[in-house]
Amino acid sequence: MAVALGSALALTATACGDDGSGSAGDKGNEGSGKGEITFWDNNGGVRTDIWKQIIADFEKKYPDIKVNYVGVPAASAQSKYDTAIQGGGLPDVGGVGTAMLAEIGVQGALEPLDSRLEKSSLNGKLSQNLLDVSKAAGGGDKLYQVPTSANNGTLWYRTDLFKSAGLDAPTTWSKFYEAADKLTDKGKNKFGFTIRGGEGSIAPALDAVYGQTGITSFWNGDKTTVNDPKNVSALEKYIALYKKDTPSADLNNDFTKMVAQWDSGTIGMLSHNLGSYQDHVKALGAGKFKGIPNPTLDDGTRVQISNPVDGLSLFKSSKNKSAAWKFIEFAVSAEENSTFNESAGQVPANTDAAKDAWIQQAEPTKLAAEALNGADTKIVQLPYYLPDWNTISKADNEPNFQKLLLGKMSAKAFLDTLADQLNKAQADWKQNH
């Protein structure tokens, strides 16, 4: 408690003066548009250098505004915000990912941004699919986050192994399953695919399920579609790969173990996001693999679940909202958003930035950007806004997914259990919001 209090006081001290030192109940004001503002980076350390570069560019353009940078480690960002919401000391601007957006927003700490965006130079320049994810994560009625970047589900595949086996790239689910079978030779410890069975298993499984069925909404009225009979059949087909076309060790694999296993060189395909690209280059060399968006249906229809989106939020308690909004606009402008995402290895939210040369040269990122920004891409919005979402999707059902892989639970029972929990959480949320 002493450490937590000390951290909270340190952040409060940094956020005092003209830079938004209120709590969630403080409505703040527009301010002069000059002076000081405070920015909390929700991935401090990892992104500190690039944010300091963006801040320097901003202060050069707006010499009458000073930005105080506070780097908050990703693991403690949620608790830092919660502490400041209750005790005061919120920043003017903060990095807020979709996973924590609803919890911060429901406490009344965030400023709605719809009208500001409509009048902004950013209007029409941001990926509509990412804006939809941001709005849905905040509860669906108002925009509380301007998206800056997104990761995307990526199917990494060994081009050398595919070529040797005479296989086409796994661009469709039919080609994916064909390759998984053909590349497996258990006697030689070779497998077509590695499936995520440990921590973080639910999202990739749902991505595979909705991607195969083409169902485009997570809800049908107040009931989830997660246990639709089509989804049950798709999940049965997906988990049947375990131990048939995947290593048995996959049962306990989180993303680090799964990536390391794929990088060992005997597995054909891996479903992960863009973040593991450099690991693959170091282990395999750039010429032996490619990354593409997750497969489509045979007719080319692409359905994928919403990936977490990072972004910037304006805090309601800010005493200088005008200057804070200038900072958000600048940070998500084409040039700065491109610079940030090239450093982060992610997909820019600014559609002009997504056309830049570095994206065109980084094929996995280019294809991911095209998928995320594509008019034909249908995104199933996961209910990040539900307070119980993280508990349901992790603590409650990751152990059940392992039972599913081991044959101790049916796909129908697994999805019915998940659906029952989600329906109750949705009903509770609607009753209280």
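At what angle do helix H17 (residues 389-396) and helix H19 (residues 411-432) pack, and how far apart are their axes? In this predicted model, the angle between H17 and H19 is about 160°, and their axes lie 10 Å apart. Because angles over 145 degrees count as roughly antiparallel, H17 is described as roughly antiparallel to H19. The crossing in which H17 passes H19 is right-handed. On the H17 side, the contact is formed by Trp389, Ile392 and Asp396, while H19 contributes Leu418, Gln421, Leu422 and Ala425. By residue class, this contact of H17 with H19 comprises five nonpolar residues, one polar and one charged.

Turning to the strands, S10 (residues 289-293) is mostly covered, with four of its five residues buried. Strand S5 (residues 153-158) pairs with S10 in the antiparallel sense, and five bridges join the two.

Gln261 sits in helix H11, which spans residues 255-263. Is Gln261 buried or exposed? Its relative accessible area is 17%, and since the cut-off for buried is under 20%, Gln261 counts as buried. Once neighbours within four places in sequence are left aside, the residues in contact with Gln261 are Thr194, Pro247, Ala249, Asp250, Asn253 and Ile267.

Note on methods
Residues are numbered from 1 along each chain as its sequence is written. This is a predicted model: local features need pLDDT of at least 70, side-chain atom pairs count only at pLDDT 80 or more; totals for chains, interfaces and linings use all residues. Side-chain values use heavy atoms; hydrogens and water are left out. Axes are lines fitted to C-alpha atoms, for helices over the stretch in contact, and angles run from 0 to 180 degrees between N-to-C directions. Angles under 35 degrees count as roughly parallel, over 145 as roughly antiparallel, 65 to 115 as roughly perpendicular and the rest as oblique. A crossing is left-handed if the near helix is turned anticlockwise from the far one by less than a right angle, and right-handed if clockwise. Contact means heavy atoms within 4.5 Å. Ala, Val, Leu, Ile, Met, Phe, Trp, Tyr, Cys and Pro count as nonpolar, Asp, Glu, Lys and Arg as charged, and the others, Gly among them, as polar. Buried means under 20% relative accessible area, exposed over 50%, partly exposed in between (1.4 Å probe, protein chains only). Two strands pair if DSSP finds at least two bridges between them.
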